[in-house]
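Thanks for asking me to look this one over. Please have the structure open beside you as you read my points.

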Amino acid sequence: MKDHLERRMTTTDLNRMTARNVQVYYGQNHALKDVDVDILDKTVTAFIGPSGCGKSTFLRCLNRMNDTIQGASVEGQILLEGEDIYDRRVDPVQLRAKVGMVFQKPNPFPKSVYDNVAYGPRIHGLARSKAELDQIVESSLRRAALWNEVKDRLTAPGTGLSGGQQQRLCIARAVATNPEVLLMDEPCSALDPIATAQVEELIDELRANFSVVIVTHSMQQAARVSQKTAFFHLGHLVEYGDTTQIFTKPRDPRTEAYITGRIG
Amino acid sequence: MSISLFLLLLLALAAAAYVAGRARAEMVAGGDIRRLHSLPRQHGLNLAIAFALPALVGYAAWRMAGAGGGLWSTLLILALGAASALAVWLALKPETRARNEVEAATKLFLIACSVIAVATTIGIFLSLIFETIAFFQKYPAAKFLFGTKWAPDFRGGSDLGVIPLLWGTLYVSAIALAVAVPVGLFAAIYMSEYASPRVRALAKPAIELLAGIPTIVYGLFALITVGPMLRDWIAQPLGFGTSGASVATAGLVMGVMIIPFVSSLSDDIINAVPQSLRDGSLGLGATPSETIRQVVLPAALPGIVGAVLLAASRAIGETMIVVLGAGAAAKLSLNPFEAMTTMTVKIVSQLTGDTDFAAPETLVAFALGLTLFLITLALNILALVIVRKYREQYE
């Protein structure tokens, strides 16, 4: 499968998001220091590093989900298409429609499969008619490789699906709002190997339309699905570069120690 | 010998047994307590239980049989306990499983406490049933259940129809819920979703304080403040009547009283909705209020319904606020500014003063009590079923 995934190379070097000199504080705790990362268009970027290194924190900065945490503050600059997302004029609600998110644990709403996927389009008024909404739901579920499994039970509750199906439902839900960037926080950590393989394949397909950022604990997963990799350690961005370079010729000794299993 | 003296003596002797058991265990262990199966204090407790349990049971049986109370019989019972303790003391070996015995006794004690609670409910229910049967032998059940006139007369020939009282009860409760449910629910949403932890830490106990105010104080508030205010500002200008006591007064004040039942329970339930659902919704670009309306509240709804039903059964059983706020006249009317009364109030008035427990006018109180009990029981069961269903959903 690795070969299959590597065939598709980075198609563009266009910057979607640019982060410069980002600092994050949780109260007194300086959780993230001097992070510079570029998120390229139509590229999968992987964030790796040991637990507590700040990779999920940084991911949550990219769509301002840290705003919902008491006492968290962000400094520095994060640009989406050249616009500072922490600018006063930016509405975090609109930002999150452009930068979607999939979480570690599948979190379908206690609604039907259809309503789960239609949630975002309904909120943002993306569909002009019921037929159009039906079409968005179907295409989102197809993109998430879930359509064939659920097309006969769109009215069944989303919580009744299996774990892997739930996670793909959450991906379909995020895709339905047509975001520019899709953030995934360890999307496979609650899944078995088969469901993981399905989600990984899906991530690679999503790359055709979106920028994908994925936080993962599995270095094999980062190597399989990403084109760019950023390695975080103790709140610092240690190294950022092409995935093949990070895994074959790491420049920093800490990166080498982590990917060879000596730290972390 | 009086009961209290007996209990005091029993306690002192049990303490002595505890000390003796501990010392014996340490002696048997030969100074090395690691050789014991159970810790010395567990042996001590075991011995204390071996003494106190037979003595207590024996004493209770003796008193219930009507005998005893004398000095010698009491001493005999204590000797029985001492004999049982002595047997345990003599049999104490390092491998004696005192810990398991103490665990078993603890479990027995806990079961006994639960049985008391359940047995009391059953006892209350049975006493109501028997008195109600006695009532129905003197007064036709159909006239009680469907009668629309309430006019008790101890000289005989009274009309004891429950309908006006039932109507008053439901009317007052409905007004109370109409006040408490929106206010309580919205307060709960504010506290769980918007308030900072500091505000919440202050506001939640402050709202719960409402539940701690004695109902008679609420009644006074209804009588001297709310009642005249409603009469002078709303009822009289709009031509609804001139009564100071009214259903609206009692309902309003009762609604305030049950706000904490709704808000506190709903707050807990809303908090139990997993944060991951909120994150999921916010992460899709929903606003906080959209998230609450479309994700959090639907997920919490069964629990909120349970909270409302518990508040309703509290409102239905309320007496003091009704007496002082709505008066004591049994009436069937739609006008919320008219004095009406409820079943609880009539139970009180039928049982106070000189009462003859053979007259239907007195016995009707038990039939009213049973009706009330069945209504609240049904509401509580409904609430429990709904809450349980909700719990299964998120665990």
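Below are my numbered comments on confidence, the interface, the domains and the pockets.

1. First, a reminder that this is a predicted model. Chain A averages a pLDDT of 88, and 95% of its residues score at least 70. Chain B also averages a pLDDT of 88, with 97% of its residues at 70 or above.

2. Where pLDDT is low, the predicted coordinates should not be read in detail.

3. Within chain B, confidence is highest in helix 6, at a mean of 93. The lowest value there belongs to helix 14 (residues 360–393), with a mean of 83.

4. On the interface, 23 residues of chain A are in contact with 19 residues of chain B. About 1600 Å² is buried between the two chains, and carbon and sulfur atoms give 64% of that area.

5. The domain assignment divides chain B into domain 1 (3–116) and domain 2 (146–393). Their C-alpha centres lie 49 Å apart.

6. The largest pocket has a volume of about 610 Å³. Its lining has 24 residues, and those nearest the centre are A:T68 from chain A plus B:S192, B:E193, B:Q275 and B:R278 from chain B. Helix 3 (92–98) of chain A supplies at least two lining residues, as do helix 6 (163–194), helix 7 (197–212), helix 10 (275–283) and helix 11 (288–316) of chain B. By class, the lining holds 10 nonpolar, seven polar and seven charged residues.

7. The second largest pocket has a volume of about 420 Å³. Of its 17 lining residues, B:I49, B:A52, B:L53, B:L56 and B:F109 are the closest to its centre. Helix 1 (3–29), helix 2 (40–64) and helix 4 (98–138) of chain B each contribute at least two residues to this lining. What is the make-up of this lining by class? It has 17 nonpolar residues, no polar and no charged ones.

Note on methods
Residues are numbered from 1 along each chain as its sequence is written. Chains are lettered from A and ligands numbered from 1 in the order in which they are written. This is a predicted model: local features need pLDDT of at least 70, side-chain atom pairs count only at pLDDT 80 or more; totals for chains, interfaces and linings use all residues. Side-chain values use heavy atoms; hydrogens and water are left out. pLDDT is the predictor's confidence in each residue, from 0 to 100. On a 1 Å grid over the protein atoms alone, a cavity is a set of points where a 1.4 Å probe fits but cannot get out, and a pocket is an open set with protein on both sides within 12 Å along at least five of seven lines; lining residues have an atom within 4 Å of a point. Grid points are joined across faces, edges and corners, and a volume is the space filled by probe spheres set on the points. Helices (H or I, at least four residues) and strands (E, at least two) are DSSP runs, numbered from the N terminus. Ala, Val, Leu, Ile, Met, Phe, Trp, Tyr, Cys and Pro count as nonpolar, Asp, Glu, Lys and Arg as charged, and the others, Gly among them, as polar. Domain bounds come from an automatic or database domain assignment. Contact means heavy atoms within 4.5 Å. Buried area is the accessible area (1.4 Å probe) that two parts lose on being put together, summed over both.
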